[in-house]
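These are my notebook entries from a first look around this structure. Come along and check each stop with me.

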Amino acid sequence: MKKTHIAAAAVLVATTATTGCVSSSTLEQFETSPRQLVLEEYFEGETTAYGLFEDRFGKVRRQFKVDITGEVEGNRLTLTENFVYDDGERDTRVWEIDILGNGQYRGTAGDVPVPAVGQVSGNAFNWKYRVDLKVGDSVWNVGFNDWMFLMQDGVLINRAYVTRYGIQIGQVTIAFNKK
């Protein structure tokens, strides 16, 4: 076997192994949950969240707080997210999320070059999208595979798997608390 074929096979195996462990959950397994998440109901009004980003080695790289204002008008949920990072940096992202029915959603934001797609089942929401993320003086296009779970007392836990070139580079964990 040629060296290029061996190298290509090694990259394919490494990529499959890395991205294959991103999440083994399926939405169907949450269908009968005692709590039912309706995204537009949960996020309408004021919500506060706290989160952190861990790199692929498990080292916490960033921590943040985000205040979210959600407005529902017709079949659209607008989320204004105001981030404050522990290093003092501030950022804002505004999501325009279309409520498509049957638990399906599609959304856009200024740094999201292709519409995000998501679906709810029971207490779980899976949301997939790409973000043009500022990293130092560069901009990286990274993928997010978010899994949100509505817990007791209105707490929503989000675990997002972050990839670049198909390889997991980190994870974001966020806890949302409805005001």
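Predicted model: local features only at pLDDT ≥ 70, side-chain atom pairs only at ≥ 80, totals over all residues.

I started at Asp-153, in the loop between β8 (138-150) and β9 (155-164). Asp-153 is not a glycine, yet its phi is positive, at about 60°. Is Asp-153 buried or exposed? I looked up its relative accessible area and found 77%, so Asp-153 is exposed.

Next I moved to Tyr-165, in the loop between β9 and β10 (167-178). Tyr-165 also has a positive phi, about 55°, without being a glycine. Its relative accessibility of 67% makes Tyr-165 exposed.

**Aromatic rings.** I searched the whole structure for aromatic pairs and got 14. One of them is Tyr-105 with Phe-125, an edge-to-face pair with 5.7 Å centre to centre and 85° between the planes. Tyr-105 sits in strand β5 (residues 104-109) and Phe-125 in strand β7 (residues 124-135), so the pair links distant parts of the chain, 20 residues apart. Buried means under 20% relative accessible area. Tyr-105, at 5%, therefore counts as buried, and so does Phe-125, at 2%. I then asked which residues form one aromatic cluster. My list reads Trp-95, Tyr-105, Phe-125, Trp-127, Tyr-129 and Phe-144.

**Salt bridges.** How many salt bridges does a search of the whole structure find? I noted nine. In one of them, Arg-62 meets Asp-87 at 3.0 Å, N to O. Arg-62 belongs to strand β2, while Asp-87 is in the loop between β3 (76-85) and β4 (90-101), 25 residues apart. Asp-87 is exposed at 56% relative accessibility, whereas Arg-62 is partly exposed at 26%.

Arg-62 also forms a salt bridge with Glu-89, with the closest N and O atoms 2.8 Å apart. Glu-89 lies in the loop between β3 and β4 and Arg-62 in strand β2, so this pair ties together parts that are 27 residues apart in sequence. I put Glu-89 down as partly exposed, at 37%.

I looked at Glu-81 and Arg-93 too, whose side chains meet in a salt bridge of 4.0 Å, N to O. Because Glu-81 lies in strand β3 and Arg-93 in strand β4, the pair ties together parts 12 residues apart in sequence. Both residues, Glu-81 and Arg-93, are buried. I also wrote down a network of salt bridges linking Arg-76, Glu-96, Asp-98 and Arg-106.

**Surface charge.** My last stop was a patch of negative charge on the surface, where Glu-41, Glu-44, Glu-46, Glu-71 and Glu-73 gather. Glu-71 is placed in strand β2 (residues 60-73), and its relative accessible area of 54% makes Glu-71 exposed.

Notes:
Residues numbered from 1 in each chain as written. Heavy atoms only, no water. Patch = residues over 30% accessible without salt bridge, like charges linked within 9 Å, V, L, I, M, F, W, Y side chains within 5 Å. Areas by Shrake-Rupley, 256 points an atom, 1.4 Å probe, with all protein chains shown as cover. Lys, Arg positive; Asp, Glu negative; His and termini not counted. Charge placed at Lys NZ, Arg CZ, Asp CG, Glu CD. Helix = DSSP H or I, 4+ residues; strand = E, 2+ residues; numbered from the N terminus. Buried < 20%, exposed > 50% of the residue type's maximum accessible area, 1.4 Å probe, protein only. Phe/Tyr/Trp six-rings, centres within 6.5 Å; stacked < 30°, edge-to-face > 60°.
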